[in-house]
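I opened this chain to look up its fold, its helices, its surface and its charged pairs. My notes follow in the order in which I checked things.

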Amino acid sequence: MDKLNGLSHLFMTVFLHNFSSHMVIPAITDVTMAALCPGKDECSLAIYLTGFQQAMIGLGTLVMMPLLGNLSDKYGRKAILTFPMALTIIPTGILAYSRTTKFFYVYYVFKILIAMVCDGSVPCLALAYVADNVTEARRGTAFGILSGIGSAAFVCGTLSARFLSTALTFQVSTLVAVIGALYMRIFLRDSVVDDNHLYTPIISEGKPSIAKIDEKPKSNLQLFKALCSLLDLNSFLNSSLTITQAAIVAFFSNLADVGLHGSMMYYLKARFHFDKNQFADLMVISNIAATVSQLLLMPILAPTLGEARLLSIGLFFNCIHMFLYSIAWSSWVPYAAAMFSILFVFSQPCMRSIVSKQVGPHEQGRAQGCISGICSVAHIVSPLAFSPLTALFLSERAPFNFPGFSIMCIGFASMVSFVQSMMLRVVPPILS
């Protein structure tokens, strides 16, 4: 019962965090364009700044994700979760106050600095929390439900953005982020696998310290080991063939997803003159399909087909939907392509579940953090590869008339992850 209560509070925490962070996504493109290139539908500066932002965030999270995962294994999930949930309030708070060019650049700097530390840490730590409280046999389904909660929050957030003004969107997002951080601190119980496994808490809960005075050198040694996150990432990747193959799948899958995220809105705005409301409609369609799939279909299909096969199915349809975007001949085609999310959303929870089952109960934070670190490498490489390509083919200097050429190249990157997933060999899990 305690575990069920803990998971319910975790799901609510993730819902509030995702609701806050995702409701500003439909508006951020218009805010960026208005601040940098007012009155235009194509802006290379906005594309390059977005690509630079993604690359810098990826560089920071490459180091921070394995570190935060390690620290959560040692100090508890709740203590480490507090920092990203509190810090992510700042960037949206800046745009809630003003969206002029000067304040946009202030937001831009704070967004990069904070996201270098915090980006992706909430879902990463949430996955580790779920792994602490769910058996291996039910972990794929549980990860799917967690992703479904995130998709449901995305739907609610984008629907809110659809009917709110731009200013009110950022104000509500900031308020919900504050409520989410307070809810987590008050109601979420820490996920403790073994009381003797945790060291001195980073944030005191009013309980006596577990570590004794003569154990401080040992605790300091463990903290020093946690700081060597890049070395830890290397040792984790080489720990088994399954983990190495899953890391390759994660890299190319995220390479494509980050490239699509950074290019698609500018592509649709230049190609079909989409605005905030149409972006919101597109995201609502995609995430309603994703929510239904993760909450209803995945609990049925994961035990029947197996996570490895479901991973390949998700990646295959991810390729198809990217290719459809690239050759969109009418404004209704992106809406049809968005419906493929009912199938491609399987890939991320299945891949995370496969990795989770390859490590022991005291290494869940480390495992999820290291995989998030691999995904961060994609955040560095993808903007460098695809942002200049997108800017070129949306400009008048394009070597040939194919505005969606960069999206098609992103689809080929996704195809590499699909081919690799077909070769993935899953060994029996390490039992808790």
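**Overall fold**

I began with the secondary structure and found 19 helices and zero strands in the chain, taking helices (H or I, at least four residues) and strands (E, at least two) as DSSP runs numbered from the N terminus. I note that this is a predicted model, in which local features need pLDDT of at least 70 and side-chain atom pairs count only at pLDDT 80 or more, while totals for chains, interfaces and linings use all residues. Residues are numbered from 1 along each chain as its sequence is written, and side-chain values use heavy atoms, with hydrogens and water left out.

I then looked up burial, and 56% of the 432 residues are buried, where buried means under 20% relative accessible area, exposed over 50% and partly exposed in between (1.4 Å probe, protein chains only). The accessible surface comes to about 18100 Å², with 69% of that area belonging to carbon and sulfur atoms; these areas come from the Shrake-Rupley method with a 1.4 Å probe, and for residues only the protein chains shown count as cover. Of the contacts (heavy atoms within 4.5 Å) with a separation of 6 or more, 84% are between residues 24 or more positions apart.

**Helix H3**

I checked the length of H3 (residues 44–75): its 32 residues should span 46 Å at 1.5 Å a residue, and the end C-alpha atoms are 44 Å apart, which agrees; the expected span is 1.5 Å times one less than the number of residues. Because 25 of its 32 residues are buried, H3 is largely enclosed by the rest of the structure. Gly76 follows H3 and has a positive phi, near 100 degrees.

**Two single residues**

I looked up Ser253, which is found in helix H12 (residues 241–272) and is buried at a relative accessible area of 2%. Leaving out residues up to four places away in sequence, Ser253 touches Leu315, Gln348 and Ser417. Ala398, by contrast, is in the loop between helix H18 (364–393) and helix H19 (405–422), and is partly exposed at 23%.

**Salt bridges**

I found four salt bridges, each a side-chain nitrogen of Lys or Arg within 4 Å of a carboxyl oxygen of Asp or Glu. One of them joins the side chains of Asp30 and Lys269 (3.1 Å, N to O). Asp30 lies in helix H2 (residues 25–36) and Lys269 in helix H12, so this pair ties together parts that are 239 residues apart in sequence. I noted that Asp30 is partly exposed, at 23%, whereas Lys269 is buried, at 8%.

Which residues does Arg77 pair with? Arg77 forms a salt bridge with Asp73, with the closest N and O atoms 2.7 Å apart, and another with Asp132, where the corresponding distance is 2.8 Å. Asp132 lies in helix H7 (residues 121–133) and Arg77 in helix H4, so the latter pair ties together parts 55 residues apart in sequence.
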